[in-house]
Amino acid sequence: MAKTDKPNWNGCPVRYAAGIFGDKWCFILLRDTLLRGKRSYSEFLDAGEGISTNILASRLVRLEEAGMLIRKIDPRKGSRVCYFPTQKARALLPAFLGMVVWAIEFDEETEAPDGFAAGFLENPTGTVARISAQIDQINRDILGDAADAL
């Protein structure tokens, strides 16, 4: 049987994005690091999504290799590894928050906080800045001054 060439994934922005976080588990892990403050393997595993350990491990590696997460030893407990969102991942905040607004409109069972959509639509830059500051604080709580290097 003849081997067919794989398609060229370069150039198309949708394919590029889908190649990084198009998998539902990668997307959920990015949500958890950006919006829910999760950093450790056990926090991801206990998030209630039902991810298996092998899938969690492989998706964390995939996101790290894609430059979306940085893996560091937790200085508070040397046996724990934490994953921190990079600037590349943080640049997704406006898109993630836009998807939350979209879900609020179309998902009758959304778990989004009341007033979130109106607040984001009224001041998207301020909302992104507020969440970005929360990410910085979580990182500082774990890494101290070393968080500034992320």
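## Briefing on a predicted helical and stranded protein model

From the N terminus on, the elements of the protein run α-α-α-α-β-β-α-α-α-α, giving 8 helices and 2 strands. Both kinds of element are DSSP runs numbered from the N terminus, helices being H or I with at least four residues and strands being E with at least two. This is a predicted model, in which local features need pLDDT of at least 70 and side-chain atom pairs count only at pLDDT 80 or more, while totals for chains, interfaces and linings use all residues. Residues are numbered from 1 along each chain as its sequence is written, and side-chain values use heavy atoms, with hydrogens and water left out.

**Overall form**

- The C-alpha trace of the protein spans about 55 × 45 × 30 Å along its principal axes.
- Of the 150 residues of the protein, 33% count as buried; buried means under 20% relative accessible area, exposed over 50%, and partly exposed in between, with a 1.4 Å probe and protein chains only.
- Among contacts with a separation of 6 or more, 52% join residues 24 or more positions apart, a contact being heavy atoms within 4.5 Å.

**Helix α8**

- Helix α8 covers residues 124-143, and its 20 residues reach 28 Å from the first C-alpha to the last, close to the 28 Å expected at 1.5 Å a residue; the expected span is 1.5 Å times one less than the number of residues.
- The buried residues of α8 are T127, V128, I131, S132, I135, N139, I142 and L143.
- Seen down the axis of α8, these buried residues fall within an arc of 130 degrees, so they line one face of the helix; the arc is that of the directions from the helix axis to the C-beta atoms.
- The buried residues of α8 pack against α2 (24-35), β1 (69-73), β2 (81-85), α5 (87-90), α6 (93-106) and α7 (116-122).
- Just after α8, G144 takes a positive phi of about 65 degrees.

**Cysteines and R59**

- The structure holds 0 disulfides, a disulfide being a pair of cysteine sulfur atoms within 2.5 Å.
- C26 is in no disulfide, and the nearest cysteine sulfur, that of C12, is 18 Å away.
- C26 counts as buried because its relative accessibility is 0%.
- C82 is likewise in no disulfide, with the nearest cysteine sulfur, that of C26, 19 Å away.
- C82 is buried, with a relative accessible area of 2%.
- R59 lies in helix α4 (residues 53-65), and R59 counts as buried at 12% relative accessibility.
- Leaving aside neighbours within four places in sequence, R59 is in contact with D23, W25, C26 and L29.

**Pocket and cavity**

- On a 1 Å grid over the protein atoms alone, a cavity is a set of points where a 1.4 Å probe fits but cannot get out, and a pocket is an open set with protein on both sides within 12 Å along at least five of seven lines; lining residues have an atom within 4 Å of a point.
- The largest pocket has a volume of about 650 Å³, a volume being the space filled by probe spheres set on the points, which are joined across faces, edges and corners.
- Of the 23 residues that line the largest pocket, R31, L35, R36, V100 and A112 are the closest to its centre.
- Helix α6 supplies the largest share of this lining, 7 residues, and α2, α6 and α8 each supply at least two.
- A search of the whole structure finds 1 cavity of 30 Å³ or more.
- The largest cavity is lined by W25, I28, L29, D32, F44, A47, E49 and I51, with α2 giving the most, 4 residues.
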